[in-house]
Every structure is written in structure tokens, then in C-alpha cells.
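This report covers a sheet, a helix and the surroundings of a single side chain.

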Amino acid sequence: MDNNWNVRVRMYRVGFGDCFLVTIAGKHILIDCGVHTQSEFKGIAEAVQAIKTATDGKLAVVVATHAHADHISGFGTEAETFQELEVGEVWMPWLEDLSDDVAKTLHTKTAALAGLLHAHLNVAGAAADPLVEGIALNALGAVGRSSTGNNAKALELLRGGFGDKQRTKYLRAGEVLQDAGGIKGLTVRVLAPSDDTKFLSRMNPPEAQLYGLDENGQPTIEELVPFAERWKADGGPLDADYQKLLNDTVAMPLQALALSVDNYLNNTSLCLLMTYKGKKLLFPGDAQWGNWQSWQNEWDDILGEIDFYKVGHHGSHNATPHEALAKMTGKSVVAMASTDTVKSFNKGKFPVPYDKLVTAVKEQVGNRYAQSDQLSNAGAPFEAEQGWCDYFV
């Protein structure tokens, strides 16, 4: 590829996580850098070294869309390398600003809930529900959201502006950044998160917006059952030990708690619309329904004109509203999804990526779709290497 391009979007293959490098006018914006579990740290380490080389050690902007491990853990595990880089600005959602009273209160509540999950995982002899364990590891930062966990280290580095707190900007819906990050001609609109915290608790879209329903409006996701596997029992009266286990668990419904923490953090995602020389790129992080709904009155004006869509939440069935995708009608719009079909932590209950959503995205964008765990399938207009995939606008 020659240099006759205005924007390059590079998606790194890191495993189950997001790591995107956007290059505009020779300057670089890193959007997220994380993986889901410790077993994937090698992939993120290789990506960070590649980023250092590709950018000559200079990043105009570092964006942390939200505080899930699969989006920020790399800033913790690779903190030493990141501290060697020259960083111009750091962008985070306003909900990570601990000087904001509302954000601080919400953060304290979320940390307390995450702490309950952490405690559950550390109960000696406890049989961890795979769904709870996967969500907890992600919310807690793969190794813990304690004072020593990777998320804590990452958040400290990000909030500290890589050595200068003045570099860190906490963004909220409605803000418009002109010449954003010192890149002349780049405009960034912050679409979410909203100041209105009611949107944070709106997790799943209504049926009309939800993928994963059949023609009768019923869920089609395999193994979508109301109770975890361990609660299945043969007919007949329950013995005393089983009754006690059931009662103790009902007192603290861990699956519900885990999903609540997970979805809340997704709804805190920065949703950014980048515009440069008429080209528009949409990066929604892991936005779920409340995040999308908070700017729904702008879907008509925005979505029909985008040239690039970073598929939300790794291709989850409930993170790209049906109506929103249908409005992405640009003749050359493309989509990239950073995900891992094999390592999806809750595969089987809420599989990520969800096949029906992936199929719908491909159809909407005319098969101009690339997935990070299937780079060999990325044809035109993408250019794939062993560890990343490029799209030139």
C-alpha cells in the first residue's frame, strides 16, 4: 500500500480484547490495549512492542474506552514500555474521574460489587460458576481490581497521564474536540457516556433491537437457561445439603451480580465519532443498550454517513442494536471486530462473537468485514499481516 491515504486503522490480534491504532496525518491514536485473561498476556506484549515501533514511540492520544481488563489490562502489564513512550493526551470516560462526585460514588459502588465477586472466587473449595468467573476476571482486571491488580495499575497510569495528570481528559457526551489530540483537521464528537446516569443501568435492548431471536421473537442462543448447570437435579425431594446450598446462593445471586457489574462497565464506554477530511469512523467500545440509546435521536444523522464501524463488544448479540446497524448504509462502510471465537469466556451461554450478529454485519457492509482471530480471511479492502490488519481510508 502506498501512502496515498488519509487514515489508517490498524487492528491488532491480541486475543479476546481490543487494541486499535488509528493513524492520521502521521500522528497516532491508540484506542484501548487489553486482553481478557493472563494466558493472553504474550499477545498483548507483542502488540505493544509493535505499536512502539510503528509510532516511533510517539502517541498523540491514548484512549481507554472503559475499565474492563480486555480494554486496559495492557497498560498495566506493559506499564514499563508505555512509560517509555511520548504521550500527548489521554482520554477516558467521565465516569473514571474520581474528582467528580457522581463518578466517585458510582465507582465506589461498582468496586464494592466487584469485591463481592472477588471474594466469591477466593472461597476455599467453592466451585466457581464459569460465567461468574469469566465476568469477574474481566471486571477485576484479570488478576484482580485490588491495589495490586493489572486494572488498578493501568488506571493509575491512565489517570496519571503517563506522568502528567494534566494530559488526561475525562470526556462526556456532547463534547466536540476540534483539531483533536493536536491533529489538525481531526474532529471528535463524544456521543457517550451521557451525563444522565439512568442510561448506565439499561443493559439489554428491547426485542426489536436484539439479535439472537427467531421469527417468533424467542431466544435462539444455545443453552440459554435460567439456572446454572449445578442446579439441575433429578426428580424427587431435595436433600438437606442441597436445600442449604440453594438457600445460601439465592441470598446472593452471583450470576445476576456478575452480569450487572459487567454490563454497567460496558455502558460507561466512550463512544467516539472521528471525522477527518470527510471520512467518519465510529468507535463505541463495548457500548450496550443504554449507551446507544442515550444518543438514539442522532442515529439518522450519524450512522448513514459512517465509513468505519468498530463492532461493539467483540460481536456480542446485544451490543449492536438491530436498527442502528440497519442505518449504516454508506456505500463503502467497513467493519472490524476484535474478538476470539475459541477463547470466548462465556461461549455456549452468550457466545461472543454471536454468529447471527456477525452474519448481519457482513451483509450490511457488503462483506467488508475483518475479524481479529481470522486475519487470513481478511481480503480487500483490508491488508493483513501476522499480528494485525490494516484498513486504509
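With which side chain does the side chain of Glu89 make a polar contact of 3.4 Å? The partner is the side chain of Lys169. This is a predicted model, in which local features need pLDDT of at least 70, side-chain atom pairs count only at pLDDT 80 or more, and totals for chains, interfaces and linings use all residues. Residues are numbered from 1 along each chain as its sequence is written, and side-chain values use heavy atoms, with hydrogens and water left out.

A polar contact is a pair of N or O atoms within 3.5 Å; within protein, one must be able to donate a hydrogen and the other to accept it, and residues adjacent in sequence count only if both atoms are side-chain atoms.

| Side-chain pair | Polar contact |
|---|---|
| Glu89 and Trp91 | 2.9 Å |
| Glu89 and Lys169 | 3.4 Å |

Glu89 lies in strand β5 (residues 86-93); strands are DSSP E runs of at least two residues, and helices are H or I runs of at least four, numbered from the N terminus. Glu89 counts as buried because its relative accessibility is 17%, where buried means under 20% relative accessible area, exposed over 50% and partly exposed in between (1.4 Å probe, protein chains only).

In helix α6 (residues 150-159), seven of the ten residues are buried, among them Leu155, Leu157 and Leu158. Gly161, with a positive phi near 60°, follows α6.

Seven strands form an open sheet with mixed pairing, in the order β7-β8-β9-β10-β11-β12-β13; two strands pair if DSSP finds at least two bridges between them. β7 (176-178) and β13 (369-371) are the edge strands. Strands β8 (residues 187-192) and β9 (residues 271-276) are antiparallel, with five bridges, and Arg189 has Leu273 in β9 as its bridge partner.
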